[in-house]
Amino acid sequence: MQKRSPIEVFGEWAEIGKDEGMAKGHESAVSQMLESVLPVERHFSFLDAGCGNGWVVRKVGQLPRCSRAEGVDGSVQMIEKARSIDPSGRYHLANLTTWTPEASFDIVHSMEVFYYIADPLALLKSIRATWLNAGGKLVMGIDFYTENTASHDWPEKLRSTK
Ligand SMILES: C[S@@+](CC[C@H](N)C(=O)[O-])C[C@H]1O[C@@H](n2cnc3c(N)ncnc32)[C@H](O)[C@@H]1O
């Protein structure tokens, strides 16, 4: 069986509504991540890298101190869904490994995305060089790791789901 790309698999997830389950499952960790980086006394711009259906973009975009919130994802279906929920939102359809934003950000956030990237160090360098403003911050959540034994069969599950 030919191996499908994560972008393709997550596109199918968006079609069958599994993106909403991800949003629910990630909510608690994401809230803690945001709390640790969002400035409390000044305005900030925000990007969600691998934004899925854009739920974090909308969550942060509602904050009074947020001057600009955008999302980028490689899945056509995820971006279409984000745009259908929030037609005036800024959601970019692009592969993170080749994308360059038009304007840089104070905060870059990414939840459950980096282990799908073949060369994460190259992406980190690119985020630092061209995505972030001086003094900006990247916050990233990852649930796929050795000590999380429940995550060990995810690669197999991801290949076989629909
Ligand atoms: C596990 S989902 C997480 C989505 C979202 N961050 C959330 O918490 O609901 C991973 C997302 O990363 C996206 N993705 C994976 N590799 C990508 C890449 N190279 N470029 C752009 N998006 C990518 C997928 O399309 C998918 O929407």
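Helices and strands are here DSSP runs, helices of at least four residues and strands of at least two, numbered from the N terminus, and in these terms E112 is placed in the loop between β4 and α5. The model shown in every view is a predicted one.

**Figure 1. Overview of the fold, with 6 helices and 5 strands.** Read from the N terminus, the elements follow one another in the order α-α-β-α-β-α-β-β-α-β-α. The radius of gyration is 15 Å, close to the 15 Å that the globule rule gives for 162 residues, so the protein is as compact as a globular protein of that length. Taken along the principal axes, the box filled by the C-alpha atoms is roughly 50 × 35 × 30 Å. Of the 162 residues, 28% count as buried, and among the contacts between residues at least 6 apart in sequence, 64% join residues at least 24 apart.

**Figure 2. Close-up of helix α1 and the residues it buries.** Within α1, which spans residues 6-15, the buried residues are F10, G11, W13 and A14. These four cover an arc of only 155 degrees around the axis, which puts them on the same side of α1. Their packing partners are α2, residues 18-37, and α4, residues 76-85. After α1 comes G17, a residue whose phi is positive, near 85 degrees.

**Figure 3. Close-up of the shell around the ligand.** The ligand is surrounded by 21 residues, and the closest of these are F10, G50, G52, G74 and S75. One of them, F10, is also among the buried residues of α1. Helices α1 and α2 each supply at least two residues of the shell. Sorted by class, the shell is made up of 12 nonpolar, 7 polar and 2 charged residues.

**Figure 4. Close-up of the largest nonpolar core, which has 28 residues.** The residues with the most contacts inside this core are F46, L47, A49, C51, V56, F105 and V108. Two or more residues each are given to the core by α1, β1 (44-49), α3 (55-61), β2 (66-73), α4, β4 (105-111) and α5 (120-131). For L47, once its neighbours within four places in sequence are left aside, the contacts are with E70, V72, P101, F105, V108 and W131.

Figure 5. An α-helix has 3.6 residues a turn, so residues three or four places apart point the same way.

Figure 6. S104 is placed in the loop between β3 (90-93) and β4, and because it has 17 C-beta neighbours inside 10 Å, it counts as partly exposed. Not counting residues up to four places away in sequence, S104 touches T130, W131, L132 and N133. The C-alpha atoms of S104 and L47 are separated by 8.8 Å, although these residues are 57 residues apart along the chain. E112, in the loop between β4 and α5, has a positive phi of about 60 degrees although it is not a glycine. Most residues other than glycine have a negative phi. With 19 C-beta neighbours inside 10 Å, E112 counts as partly exposed, given that a residue is called buried at 20 or more.

Figure 7. M22 is found in helix α2 and is partly exposed, with 17 other C-beta atoms within 10 Å. G135 lies in strand β5 and is exposed, with 6 other C-beta atoms within 10 Å.

Methods:
Residues are numbered from 1 along each chain as its sequence is written. This is a predicted model: local features need pLDDT of at least 70, side-chain atom pairs count only at pLDDT 80 or more; totals for chains, interfaces and linings use all residues. A residue is buried if 20 or more other C-beta atoms lie within 10 Å of its own, exposed if 12 or fewer, and partly exposed in between; C-beta atoms are placed from the backbone. The arc is that of the directions from the helix axis to the C-beta atoms. Two residues are in contact if their C-beta atoms, placed from the backbone, lie within 7 Å. A residue is near a molecule or strand if its C-beta atom, placed from the backbone, lies within 6 Å of it. Ala, Val, Leu, Ile, Met, Phe, Trp, Tyr, Cys and Pro count as nonpolar, Asp, Glu, Lys and Arg as charged, and the others, Gly among them, as polar. A nonpolar core is a set of buried Ala, Val, Leu, Ile, Met, Phe, Trp, Tyr and Cys residues joined through C-beta atoms within 7 Å. The radius of gyration is taken over C-alpha atoms; the globule rule is 2.2 Å times the number of residues to the power 0.38.
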